[in-house]
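Dear colleague,

I am handing over the structure below, and my notes on it follow. Please read them with the model open beside you.

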Amino acid sequence: MNASSFETLELLPATTPRQLFVLLHDAGGSAMDMMELATLIGESFAEAAVVMPEGIESIHLGKTERQWFPTFELTDANHPERVARAVPTLAAFIRQQQERFGILQSDTALAGFSQGATLALALSDQHDGLVGRVLAFSGPYAAWPDKAPALTTIHLLHGQLDTVVPARLAQQAYAELMALGADATCDIASSIGHELHPALMAQAVHRLQTCVPLRFWRSA
């Protein structure tokens, strides 16, 4: 699988794009699952191009579904390796889209839900600054970062009632990031489970519109 072979859904502005958003669906889902978030982003950022790639088709539990990294023979021990192997293709895809639209890395945001969030967080660890923001909805780190990203802001968004990926993992990730000196936020919604809920999406847009990246303050 290479970056050029991704099928995509896209929402493009009427004028030349000034921001780029790449949205990653969950395992077993599709790009269409991200359409509500894409629409909200398009309404909130009129000059944004929103690109939603489709995951890789694979066989899981006897049926074909789309994944970002293989889940067959998945164990706790090899999970970080499988995630890490998927990052280069995603990084190449993002660079292609940045070149296509003429968008700076700092004006690019990467958002993912569940498995898509795990991949987005892994990319921020391996390619600091390739995107200016990562929005991780209900997805954990595959492996804790060794250092804080200096050029990427991390926004963690999670439901307190999530029984698939417990909210404590988001809180632990936030604590780890803060200890490393990262620029990060963490929002836990009290009455929400494992879903890309409108309240979390609205909070994500609020973070994008109101949070000035810490690196701008540090360079002032």
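**The sheet and the cores**

Seven strands form an open sheet with mixed pairing, in the order β1-β3-β2-β6-β7-β8-β9; strands here are DSSP runs of E of at least two residues, helices are runs of H or I of at least four, both numbered from the N terminus, and two strands pair if DSSP finds at least two bridges between them. This is a predicted model, in which local features need pLDDT of at least 70 and side-chain atom pairs count only at pLDDT 80 or more, while totals for chains, interfaces and linings use all residues. Residues are numbered from 1 along each chain as its sequence is written, and side-chain values use heavy atoms, with hydrogens and water left out.

At the edges of the sheet, each pairing on one side only, are β1 (8-11) and β9 (184-189). β1 runs antiparallel to β3, joined to it by four bridges, and leucine 11 has valine 50 of β3 as its bridge partner.

The largest nonpolar core has 35 residues, of which Ile94, Leu110, Leu119, Leu123 and Ile154 touch the most other members; such a core is a set of buried Ala, Val, Leu, Ile, Met, Phe, Trp, Tyr and Cys residues joined through side-chain atoms within 4.5 Å, where buried means under 20% relative accessible area (1.4 Å probe, protein chains only). Helix α2 gives the largest share of this core, eight residues. Apart from this core lies another, of 25 residues, including Leu23, Val50, Met52 and Ile192.

With best regards

Terms used:
Buried < 20%, exposed > 50% of the residue type's maximum accessible area, 1.4 Å probe, protein only.
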